[in-house]
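Keep the viewer open as you read.

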Amino acid sequence: MSTFTAAMQYIGDLDDEFYDDERQRDVWNEASAIGFQLFVWTLLIAGSVLPWVAGVTGSWITLGVLAVFFTVSSMVLMYAKARGLDMYTSQSLARPRIYLCTGVYLIAAFGAMITLASEYLSAGGAAVFVGMAIGACVGVGCGVHGLVRKRRLDREAEAAAEATELQELTKEQI
Amino acid sequence: MNAFVKALRFVGDLDDEFYDDERQRDVWNEASAIGFQLFQWASLVSAAVLPWVAGTTGAWVGLGILVTLTVINVLTIGYSAARKVNLYTASKINRVRGLVVAVVLIIGYVGALIRLQPNTFSDASSWAGGVVGAVVGGGVVGLGVWWMRRRNARFEAEADQ
C-alpha cells in the first residue's frame with residue numbers, strides 16, 4: 001500500500017473496528033457518498049452565487065471554495081484510481097449531471113474572475129490580466145492533457161479487452 | 001423507500017448504471033467516504049482559523065461553514081439511520097478522533113462569537129443574557145441527549161429482536 005493510500009485510509013478512518021461489520025461498512029460508505037455529493041453541490045452552488053451577492057469578498061471566498069473543491073475531488077479520484085477504478089473511463093461523462101456540474105463550476109469561476117478583474121483593473125493594475133492569461137494557459141494545458149490521456153486509456157482498455165477475448169478464443173480452440 | 005431516502009439517493013446519483021458493477025460501487029463509495037471526511041476536516045479547520053485571520057468577515061464565513069457542515073452531517077447520518085445503521089450506537093464516540101473534532105468545532109464557534117461580539121461581551125446586561133442563553137442552550141443539549149439515548153435504546157432493542 002502506497003503512502004498516499006495509507007494516508008487517505010487514515011483520514012477516512014477506514015481501519016476502525018466499525019468497518020469490520022460488512023453491512024455497517026456498506027451503508028455508511030453509501031451514506032458518505034451522499035454526504036460527499038452534498039458537499040460538492042453545496043460548494044459549487046455557494047461558489048457560483050457568492051460573487052454576485054457578496055462582491056469582491058464573495059469572489060475571494062469563491063476562489064477558496066473552488067480550491068478546496070478541486071483539491072478534495074482530485075484526491076478522491078486519485079484514491080479510486082489507486083484502487084484500480086478510473087472514474088474517467090468507467091462512467092459515462094456525457095450525462096446531464098456532469099454537464100450541470102461543469103456549468104455551475106464555470107459560472108463560479110467566471111463570476112469570481114469577472115468580479116475581481118473589474119475591481120482590481122479599475123484601480124489601474126494589469127496583474128489580473130497577466131494572472132488570467134497564465135491561468136487560461138494552464139487550464140487549456142490541463143484540458144488537452146486530460147483529453148489525450150482519456151483517449152490513450154480508452155485505446156489501452158480496448159486493446160486489453162481484445163487481448164482477453166483472443167486468449168479465451170485460443171483456449172477454446174485448444 | 002420514503003421521500004427522504006429517495007431524495008438523498010438522487011443527490012448521491014446512486015441509481016446510475018455505474019453502480020451496477022459491485023466492485024466499482026464499493027471502491028467509489030469508499031473513495032467518497034474519504035472525500036466526505038476530507039471535506040469535513042477542511043471545513044472544521046477553516047472555520048476554526050478564519051475568525052482569527054480574516055476578522056469579522058472570516059467569522060461570518062466560519063459560522064456559515066459550521067452551519068453547512070452540521071446540516072450535511074445530519075442528512076448523512078439520517079440516511080444511514082434510515083438504512084438501519086445508527087452511527088451513535090454502532091461506533092464509539094469516545095475516541096481521540098471524536099475529541100479532536102469536538103475541540104476544533106468549539107474553537108470555531110467560540111472564535112466566531114468572540115470576533116463578532118467583542119463590545120457586547122463587556123456589557124453587564126449581555127452577561128445576564130449570556131447566562132439565560134447558557135441555561136436555555138444547556139437545556140436544549142440535555143433534551144437532545146435524552147432524545148438520543150431513547151432513540152439509541154429503541155435501535156438496540158430493534159437490533160436484538
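## Helix 1 against helix 3 in chain B

In this predicted model, helix 1 of chain B brings Phe4(B), Val5(B) and Leu8(B) to a contact with helix 3 of chain B, where Leu75(B), Gly78(B), Tyr79(B) and Ala82(B) are the partners. Sorted by class, the residues of this contact are 6 nonpolar and 1 polar, with no charged ones.

Now for the geometry. Helix 1 covers residues 3-12 of chain B and helix 3 covers residues 55-82 of chain B; their axes come within 10 Å and cross at roughly 120°. That angle makes helix 1 of chain B oblique to helix 3 of chain B. The crossing of these two helices is left-handed.

## Across to chain A

Helix 3 of chain B also meets helix 2 of chain A. Are the two helices roughly parallel or roughly antiparallel to each other? Their axes cross at roughly 155° and come within 9 Å. Because angles over 145 degrees count as roughly antiparallel, helix 2 of chain A and helix 3 of chain B are assigned to that class. Here the crossing is right-handed.

From helix 2 of chain A, the residues in this contact include Val27(A), Trp28(A), Ala31(A), Leu38(A), Phe39(A) and Ile61(A). On the side of helix 3 of chain B, the partners include Val61(B), Thr68(B), Ile72(B), Leu75(B) and Tyr79(B). By class, the contact has 11 nonpolar and 8 polar residues, and no charged ones.

## The interface as a whole

How many residues does each chain give to the contact between chain A and chain B? Chain A gives 34 residues, and chain B gives 34 residues. On the side of chain A, helix 1 (3-11) and helix 2 (22-82) each supply at least two residues. The largest share of that side comes from helix 2 of chain A, with 23 residues. The side of chain A that touches chain B has 20 nonpolar, 10 polar and 4 charged residues.

## Loops to check

Asp13(B) is in the loop between helix 1 and helix 2 (22-53) of chain B. Its contacts, leaving out residues up to four places away in sequence, are with Gln37(A) and Arg97(A). Asp13(B) counts as partly exposed because it has 15 C-beta neighbours inside 10 Å.

In chain A, Asp13(A) lies in the loop between helix 1 and helix 2. Its phi is near 60°, a positive value in a residue that is not glycine. Asp13(A) has 15 C-beta neighbours inside 10 Å, so it counts as partly exposed. Lys84(B) likewise has a positive phi, about 70°, without being a glycine. Lys84(B) is found in the loop between helix 3 and helix 4 (87-90) of chain B, and it counts as partly exposed because 13 C-beta neighbours lie inside 10 Å.

## Domains of chain B

Chain B is divided into domain 1, residues 3-116, and domain 2, residues 122-161. The C-alpha centres of the two domains are 21 Å apart.

Definitions and conventions:
Residues are numbered from 1 along each chain as its sequence is written. Chains are lettered from A and ligands numbered from 1 in the order in which they are written. This is a predicted model: local features need pLDDT of at least 70, side-chain atom pairs count only at pLDDT 80 or more; totals for chains, interfaces and linings use all residues. Axes are lines fitted to C-alpha atoms, for helices over the stretch in contact, and angles run from 0 to 180 degrees between N-to-C directions. Helices (H or I, at least four residues) and strands (E, at least two) are DSSP runs, numbered from the N terminus. Angles under 35 degrees count as roughly parallel, over 145 as roughly antiparallel, 65 to 115 as roughly perpendicular and the rest as oblique. A crossing is left-handed if the near helix is turned anticlockwise from the far one by less than a right angle, and right-handed if clockwise. Two residues are in contact if their C-beta atoms, placed from the backbone, lie within 7 Å. Ala, Val, Leu, Ile, Met, Phe, Trp, Tyr, Cys and Pro count as nonpolar, Asp, Glu, Lys and Arg as charged, and the others, Gly among them, as polar. Domain bounds come from an automatic or database domain assignment. A residue is buried if 20 or more other C-beta atoms lie within 10 Å of its own, exposed if 12 or fewer, and partly exposed in between; C-beta atoms are placed from the backbone.
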